[in-house]
Amino acid sequence: MTGPNQTSGPSGPPVIGSSSAGPIQTSGPSGPPVIGPVLLSAEALTKRFGATLALDALDLQIAAGEFFALLGGSGSGKSTLLRIIAGFEAPDAGRLLLDGRDISATPPWARPVNMMFQSYALFPHLTVADNVAYGLRRAGVAAAERAKRVGDALAMVGLEGFDRRRPHQLSGGQKQRVALARSLVMRPRLLLLDEPLGALDAGLRERTGFELRALQRATGAAFVMVTHDQEEALALADRVALLDGGRIAQLGAPRAIYEKPASRFVARFLGAANVLEGRAAEGRFESAEAGITFAGDIPPGTVAVALRPERIAILPAPADGPNRVRGTVEDVAFRGDDSLLLIRTEAGAVLRVAHAEEDGAPPARGAVVGLGWEPGDVVALPA
Amino acid sequence: MRRGRALRWAMGLGFAFLWAPILLLVAYAFSADRIPYQWGGFSLRWFAALAANERLVEAALLSLRIAAGAASLAVLLGGAAGWALARFGPFRGRAVFGALIGAPLVLPEVVTGLSLLLLFVALEAAIGWPAGRGATTVLLAHATLGAAFVAVVVQARLADADRTLEEAAMDLGATPWTAFRTVTLPLIAPALAAGWLLAFTLSLDDVVIASFVSGPAGTTLPIALFSMLRLGLTPEVNALGAVVVLGVGLMLGLAALLLRPRRG
Amino acid sequence: MKARALLLAPAWAWLLLFVAAPAAILAAIALAEPDSGLPPFRLALSGAGFAPLVEDSYYLDALLVALRVAAITAGLCLALAYPMAIGIARAAPGRRVLLLAALMLPFWTGFLLRVGAWIGLLRDEGWINGLLRGAGLIEAPLAMLYTEGAMLAGMVHAYLPFAVLPLFAALLRLDPTLEEAAADLGARPATVFLTVTLPATLPAALAAFLLVFIPAAGEFVIPDLMGPPEAQMVGRVLWQEFFQNRDWPVAAALALCLLGLLILPIRLFQRLEAR
């Protein structure tokens, strides 16, 4: 007896089905306007573990064929959401629709969704080929066809000739590829990836990231990746949802989220940016902690502003006024193509400032410098 | 993960199989009827009869004394052996030592019992000690059996623990003896306590080895029970079962209460 | 180094006296000649103890019956233990402690008391027959005690925790994502068990089997109190030879034969434990 996994097609990438639901539009202003027809739709998903609310009436739509990242810290609910989509956890409330069909009660073995586990979860007693063939066997794929698809899948991830090996004879990167091949061979409509690069060392991450994107384009499947690493999410995904406390803090294209964080939480989680609290008045924003007046597009109700380190320039001569401040260099860290400076303003706040190499040697520790930025670089945060 | 209903049924079957006979035994301990399988109304008379059964009470007291002595000897011996196996490195005869200490774990009880009896007989013939068989020979046999278990528990505990702990202590100025006293001993104390309890219960429960190495003066509780059961179940055995089950349950509950993780 | 020698010396002495010497004496007596004196043997290299074992199929049968009964017992224990171990390992930590206590409490109530409880269940006038007669299902009592079935029930009951615990430990070590991955790839629960859980816990299952099989093969009390009088297990025969027939060489030879048959399972068990 076979589940409804998409295993009947003889070869080639699975056809991305059209959906009755309308296309998804990204929320960010600078993202691509249309991604595609809705594949998966989560409606008011809620999940509690004892007293903890892991998912808080979460709504989310994933388009067919997109690369989606669920980004968040531990306890943000991203892993719970992934496990609910895979079918390992049942939501306490809400629905999960795949192609418009409610799959909330469908057990994991009957969902046309596959997962690549963070630990890879390769069966230690099976060879690489048998690991990859495992799901095909369950689906009743005939031996000849099975062997061909296993071979194709291993070739796709660059592991030809590894079929007789056992998982313990593989390196971390090879295990990751086997896990990928094992889930992709099922030709899922939706592939879930739990921290896919998490267990790889730094050198391998970048290359594997590009390979993941290439595989996603080649198969046409929707990839949903869970990660705690914002760089990974921004680099790989078409769209990113940042989760906080079981809710979506912001959803959009990577550039939109990076450039226009919607809240202090998002700005701080994405790292790097200086986030300064204060009060908005008459189109300006006063930050007492930094002793800075920000001018720019500051709507009323702004509670904080974000300013990226690379947008702050070290002025030839210190100056006063809006979008200008004076400070002392506390520390300088060389980062390759730039240096990161920690500069304490006279009011006492510390700003992170990036100084590009091409602009010459950075000021030394202890130097008093003037800082300035364009009004358009000030991001007003309403929450 | 969704759990199968079949699994829960199968697990329930296992627990029912384990518990049904015991619950019946305990329940019928409160029956007034002289036939131990017939309900004759609620009564505590068989508990009174049990307390008045001098043979059983004396056997129980002897068993407790033997078990306590054997467990204490087993902790000394097995503790030293487990420590040696875990920490002394490849000392001379280590393989033989390990095989000897572990042998009682895997030998069938009839073999251990018979060979120990033959030893005691031969010793008495050769040097006159132990004179006859009884509580002493049972204690020696049970200490040997218990030491095997204690050694395993202690060795496992030390294998889990970082051996650099003792080296750190000596690096900080502790002599080997002080390092043992202040680091190793606290480390293996739980294992020693667990080993003592294990040896104690083994001794209390053993009938085969005791039957071999005991004599007329060494009737332990299991030996007495064994000869009673050959004639069938009696209401006093029911009552004894109830006392033991309630006692063990009480101790488990108490232990759970004491060892309960504290919050806040 | 001196302190270590001082510590090891008493342990060595004890082990040589109470473990090594008895084994040597056992071997010596197995080779000795029976005698009417006291002790009832004369040291010699006679092989008289082994002669009846070869000549009379009674002894060989007793050994074979013991191995068969031990194997069935261990198999039944495994069948019962797997779902219990899986259930306990998957339970939430608080419930897990309760289930473990429920597993161990019957074990701690004492071996003979549990045998007594089974006698109460299975006797002609025992609880099961009483229930069946009360319900009008039977006229005459079913003869259940003193059958091989009764003996097996008693043995499985006695050894079941020994089978559950190693399986439980192995299941706790088993990465739960392996089972999830199998389900994710389309395997139903029964298939997950057969293709992932069972292969991954096979060494523990073998250890559990041996942990029951080895002591069960020498079991004496349960066959004596609950078993059929005709099918003798080696433990009971050994006992009778020693205490009733006072044939020490034959008893010692039987003990050695039992050991010889068990040495392979014992070594296998030790190999599994050392991993």
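Visitor: How do you know that strand β16 of chain A and β22(A) pair?

Guide: This is a predicted model, and in it β16 (residues 304-307) and β22(A) share three bridges in the antiparallel sense. Pairing takes at least two bridges, so three bridges are enough to call them paired. One bridge joins A306(A) to V379(A) in β22(A).

Visitor: Which strands make up the open sheet, and in what order?

Guide: The order is β12-β16-β22 in chain A, with antiparallel pairing.

Visitor: Why do β12 and β22 of chain A stand at the edges?

Guide: β12 (274-277) and β22 (379-381) each have a single partner strand, so one side of each has no neighbour in the sheet. On average, neighbouring strands here are turned by 25 degrees against each other, direction ignored.

Visitor: How many residues does the contact between chain C and chain A take?

Guide: There are 16 from chain C and 19 from chain A. On the chain C side, α8 (176-184) and α9 (189-200) each supply at least two residues, and α8(C) gives the most, with seven. This side of chain C has nine nonpolar, three polar and four charged residues.

Note on methods:
Residues numbered from 1 in each chain as written. Chains lettered and ligands numbered in written order. Predicted model: local features only at pLDDT ≥ 70, side-chain atom pairs only at ≥ 80, totals over all residues. Helix = DSSP H or I, 4+ residues; strand = E, 2+ residues; numbered from the N terminus. Axes fitted to C-alpha atoms, helices over the stretch in contact; angles between N-to-C directions. Contact = placed C-beta atoms within 7 Å. Nonpolar A, V, L, I, M, F, W, Y, C, P; charged D, E, K, R; others polar.
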